[in-house]
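Trainee: I would like to learn how to read the features of a protein model, step by step. Could you take me through a case while I look along?

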Amino acid sequence: MGFAEQRYTVNLSILFTELPLLERPAAAAAAGFTAAELWWPWVDSPTPPRSELDALRGSFEDAGVRLTGLNFYSGVLPGPDRGALSIPGAESERFRANVDVVAEFAESVGCGALNALYGNRVAGVDPAEQDALALHHLVLAARAADRIGAILLVEALNKVESPLYPLVSAPAAVGVVDRVNEASGLGNARFLMDLYHLSMNGEDLPQVIADHAGSTGHVQIADTPGRGAPGTGTVPLEGLLDQLGKAGYGGLVGLEYKPGDRPSAEAFAWLPREARAARAAR
């Protein structure tokens with residue numbers, strides 16, 4: 001099928017970051033995109049003022065861009081943190097305070113996918129304690145997502161850049177997905193297959209797709225090395241996306257790559273403009 005046959009959503013937490021947050025949806029629209037996703041934008045607050053939430057909602061509405069994915073509060077990201085839901089103490093409290101805020105905002109903009117980063121291991125804390133806490137919070141998040149008709153995403157990161165993060169393989173993340181679905185009884189937890197992170201982990205990407213396409217709720221891409229646009233590295237992304245489609249994945253592909261030393265608007269030469277708008281599902 002090729003790149004032009006996929007359906008894309010552009011990540012506005014890694015692309016267009018040379019612009020203020022509220023200007024990014026319009027910039028994405030000017031580049032030809034109609035769908036976008038975000039990490040949680042308020043790294044210091046799980047419960048920002050309603051005026052800030054309203055302003056962000058308005059920026060998407062004014063641009064005619066649909067928000068398709070949103071992270072729950074994840075601590076300082078980008079930065080040292082990789083999620084809050086398995087961190088005992090204040091960070092867990094912040095995550096719990098954030099769950100309904102995210103769900104309410106997502107419902108108001110028609111966002112159907114909510115990503116919950118697991119969180120780093122904490123020195124001196126039993127990993128089993130963190131895993132039990134994580135399961136409890138992921139079930140809360142799954143219930144909140146279910147109330148608005150959304151899915152909950154669980155993501156594997158890479159051990160090179162996230163050495164304290166415990167989910168650094170596709171099987172590890174899918175195992176958590178299975179446990180959440182069993183505990184919640186909802187079945188709305190899904191694997192976020194980020195081909196950049198899995199490639200950095202040295203995983204066999206065709207085998208990952210063969211094994212886990214059925215558990216996958218969202219896909220994100222960047223090339224390696226460098227986390228740049230497709231074609232800047234060595235990962236055969238076009239063929240892998242074709243394989244995903246043949247395996248039954250018909251969802252969006254998140255563009256979560258760095259633009260390099262150029263404005264973000266110039267980082268899409270690999271993708272024809274007419275292929276950037278998110279079309280109806282195949």
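Trainee: In which strand is Asn71 found?

Mentor: Asn71 is found in strand E3, where helices (H or I, at least four residues) and strands (E, at least two) are DSSP runs, numbered from the N terminus. This is a predicted model, in which local features need pLDDT of at least 70 and side-chain atom pairs count only at pLDDT 80 or more, while totals for chains, interfaces and linings use all residues. Residues are numbered from 1 along each chain as its sequence is written, and side-chain values use heavy atoms, with hydrogens and water left out.

Trainee: Is Asn71 buried or exposed?

Mentor: Buried means under 20% relative accessible area, exposed over 50%, and partly exposed in between (1.4 Å probe, protein chains only). Asn71 has a relative accessible area of 6%, so Asn71 is buried.

Trainee: Which residues does Asn71 touch, not counting residues up to four places away in sequence?

Mentor: Contact means heavy atoms within 4.5 Å, and with those sequence neighbours left out, Asn71 touches Leu38, Trp39, Trp40, Leu77, Val102, Asn115 and Leu117. With Asn115 there is also a polar contact of 3.2 Å between the two side chains; such a contact is a pair of N or O atoms within 3.5 Å, where within protein one must be able to donate a hydrogen and the other to accept it, and residues adjacent in sequence count only if both atoms are side-chain atoms.

Trainee: Which way do the residues of E1 point?

Mentor: In a regular strand the side chains alternate between the two faces of the sheet. In E1, Tyr8 and Val10 point one way, Thr9 and Asn11 point the other way, and all are buried.

Trainee: How many bridges join E1 to strand E8, and how many join E1 to E2?

Mentor: Two strands pair if DSSP finds at least two bridges between them. Three bridges join E1 to strand E8 (residues 253–255), and these strands run parallel, with Thr9 standing opposite Gly254 in E8. Two bridges join E1 to E2, which also run parallel, and here Val10 stands opposite Ala36 in E2.

Trainee: What is the volume of the largest pocket?

Mentor: Rolling a probe the size of a water molecule over the atoms shows where empty space is left. On a 1 Å grid over the protein atoms alone, a pocket is an open set of points where a 1.4 Å probe fits, with protein on both sides within 12 Å along at least five of seven lines, and lining residues have an atom within 4 Å of a point. Grid points are joined across faces, edges and corners, and a volume is the space filled by probe spheres set on the points. The largest pocket has a volume of about 310 Å³, and of the 18 residues that line the largest pocket, the closest to its centre are Trp39, Leu77, Arg82, His197 and Arg227.

Trainee: Which element gives the most to the lining of the second largest pocket?

Mentor: The second largest pocket holds about 250 Å³ of space, and of its 22 lining residues the closest to its centre are Thr68, Ala113, Gly217, His218 and Leu252. E3 gives the most to this lining, with five residues.

Trainee: Where is Leu205 placed, and which residues does Leu205 touch?

Mentor: Leu205 has its place in helix H7 (residues 205–212), and Leu205 counts as buried because its relative accessibility is 8%. Not counting residues up to four places away in sequence, Leu205 touches Leu195, Leu198, Ser199, Val235 and Leu240.
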